[in-house]
Amino acid sequence: MENRLMVREGNLLAVFNSTHRVMKAESILKSLGLPVLLIPAPRQLLTDCGLAIRFTEEDRVNVLEAMEREHILPEFITRLEAGHYVTTWPTSKGKDKKEL
């Protein structure tokens, strides 16, 4: 049985603005053999669709490149750090990270 914790320290979450887009992204990423998991978005994150794609830092470059190539970029990507979600992509000028 999989651990009941859906998100662990250091995990990245790609958050989309619609259920259709997150499911399409999941399908594309899995078809490429990338180790991603579609999960319910944590309550702390404000999401329109309530779902997110979980992946690891080791897979970040491959996941982002695939989403960019397929024109299915998320609204934002966040990482769980010390119990808080920190937006890591996109970054805004003068503000590299936003704590949630």
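In this predicted model, N62 counts as partly exposed because its relative accessibility is 41%, a value that falls between the limits of under 20% for buried and over 50% for exposed. N62 has its place in helix 2, and its C-alpha stands 9.7 Å from that of L32, although 30 residues separate N62 and L32 in sequence.

D59 is found in the loop that runs between strand 3 (51–55) and helix 2 (60–69), where D59 is buried and yet has no salt bridge, since the nearest side chain of opposite charge, that of R54, is 9.4 Å away. What joins the side chains of D59 and T56? The link is a polar contact of 2.9 Å.

The backbone also has some features worth noting. Most residues other than glycine have a negative phi, and most peptide bonds are trans. Against that background, H71 has a positive phi, near 55°, and A82 likewise has a positive phi, near 50°. H71 has its place in the loop between helix 2 and strand 4 (76–81), while A82 lies in the loop between strand 4 and strand 5. The table sets out how accessible these residues are.

| Residue | Relative accessibility | Class |
|---|---|---|
| H71 | H71: 69% | exposed |
| A82 | A82: 67% | exposed |

A further backbone feature is the cis peptide bond that joins W89 and P90, with an omega of about -10°; P90 lies in the loop between strand 5 (84–89) and strand 6 (98–99).

Methods. Residues are numbered from 1 along each chain as its sequence is written. This is a predicted model: local features need pLDDT of at least 70, side-chain atom pairs count only at pLDDT 80 or more; totals for chains, interfaces and linings use all residues. Side-chain values use heavy atoms; hydrogens and water are left out. Helices (H or I, at least four residues) and strands (E, at least two) are DSSP runs, numbered from the N terminus. Buried means under 20% relative accessible area, exposed over 50%, partly exposed in between (1.4 Å probe, protein chains only). Lys and Arg count as positive and Asp and Glu as negative; His and the chain ends are not counted. A salt bridge is a side-chain nitrogen of Lys or Arg within 4 Å of a carboxyl oxygen of Asp or Glu. A polar contact is a pair of N or O atoms within 3.5 Å; within protein, one must be able to donate a hydrogen and the other to accept it, and residues adjacent in sequence count only if both atoms are side-chain atoms.
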